[in-house]
Amino acid sequence: MTILHDLSAGIGHTPLLRLRHASELTGCEILAKTELLNPGGSIKDRTALGLLLDAEQRGLLRPGGRIVEGTAGNTGIGLALLGASRGYRTVIFMPQTQSREKIDALRITGAEVRLVPAVPYKDPTHYAHQARAHAAALNAADPGSAWFADQFDNTANRDWHEATTGVEIWEQTAGAVDGFVCAAGTGGTLAGVGRALKARRPGVRIALADPAGSALASFVNTGELVASGNSISEGIGSSRVTANFAGAPIDCAWSIADDESVPLAHRLLHEEGWCVGGSSGVNIAGAIRLACALGPGHTIVTVLCDAGTRYQAKLFNPAFLRQQGIPVPAWLTQAFAR
């Protein structure tokens, strides 16, 4: 019998899932870490735990203190749940454009949620800057009362994925992994897993699947941060190189449009029973591209980041999808016609 001593013990060690359609399409074994099975419902539980453990070990967060973070949602959910389990209060700054489902999920954790306008990172009112300023103000009034998690530039994020996610993938595949691919928001997962796998097998291919509207694929391929298009995916893509992304051992990168990624997420639900978010669709598209580049017979690993129920009003809304020019599967149209 396995008994978890607290919430943190339930984070990580997620199973690998064979993606049937993607594998049959490419002649490769395409596997996905089922990170939506973490207690808070996403891979960001890992990020939150790594950041929090590092802060506690360094004495940056005192008992009963406040965790402060700027997030698109999932890291905030992870931090708030961990905070609740360890006696911390949590304040989250979040773009008001994020899904209602994620906003509500944060609020029911007991976190204080401050919705702010969605602006570029260079704008001083960006949610990450507001979170940093709020933590600084709390500490000015009461030194040591608050900790700014700083998921984008705190490299404890990358280090934790290197020590856990990457090692798990290596062990679960018995070292028979030829490539790893995923999207990047903070860059922690891609950089950390890439470093872990490259250290064990230098020839493994590490690839970035970047949503349209992000500049990271351009940066990997040309050295220039140039973005075009847009995407309905949340929590991935960036207009800048974060400290976690900097120096990531990436071999190749692709920009993935919504009309390629969203149908893959829909198909995974309808044919294989896994309801995943838009970032997972981007990851599956990237895995298929990497498999095609490597050729049949290889093993590719990617990530199912979170559940599609956190984006129901967009990802499974026929009217919204049509407005965005994204194909609507017949089964989804029929479901809403009943």
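Helices (H or I, at least four residues) and strands (E, at least two) are DSSP runs, numbered from the N terminus. The model is predicted: local features need pLDDT of at least 70 and side-chain atom pairs count only at pLDDT 80 or more, while totals for chains, interfaces and linings use all residues. Residues are numbered from 1 along each chain as its sequence is written, and side-chain values use heavy atoms, with hydrogens and water left out.

Strand β3 (residues 66–70) contains E69. E69 is buried, with a relative accessible area of 1%; buried means under 20% relative accessible area, exposed over 50%, and partly exposed in between (1.4 Å probe, protein chains only). Leaving aside neighbours within four places in sequence, E69 is in contact (heavy atoms within 4.5 Å) with residues including L79, V91, F93, F148 and Q151. The side chain of E69 also reaches the backbone nitrogen of Q151 at 2.8 Å.

Helix α4 (residues 100–108) has K102, I103, A105 and L106 as its buried residues. They lie on the same side of α4 because they cover an arc of only 160° around the axis, the arc being that of the directions from the helix axis to the C-beta atoms. These buried residues pack against α3 (74–86), β4 (89–95) and β5 (112–116). Just after α4, G110 takes a positive phi of about 95°.

The largest nonpolar core has 29 residues, of which L19, I30, V181, I284, L290, I300 and L304 touch the most other members. Such a core is a set of buried Ala, Val, Leu, Ile, Met, Phe, Trp, Tyr and Cys residues joined through side-chain atoms within 4.5 Å. Its largest share, seven residues, comes from α11.

How values were computed: Polar contact = N/O pair within 3.5 Å; in protein donor to acceptor, adjacent residues only side chain to side chain.
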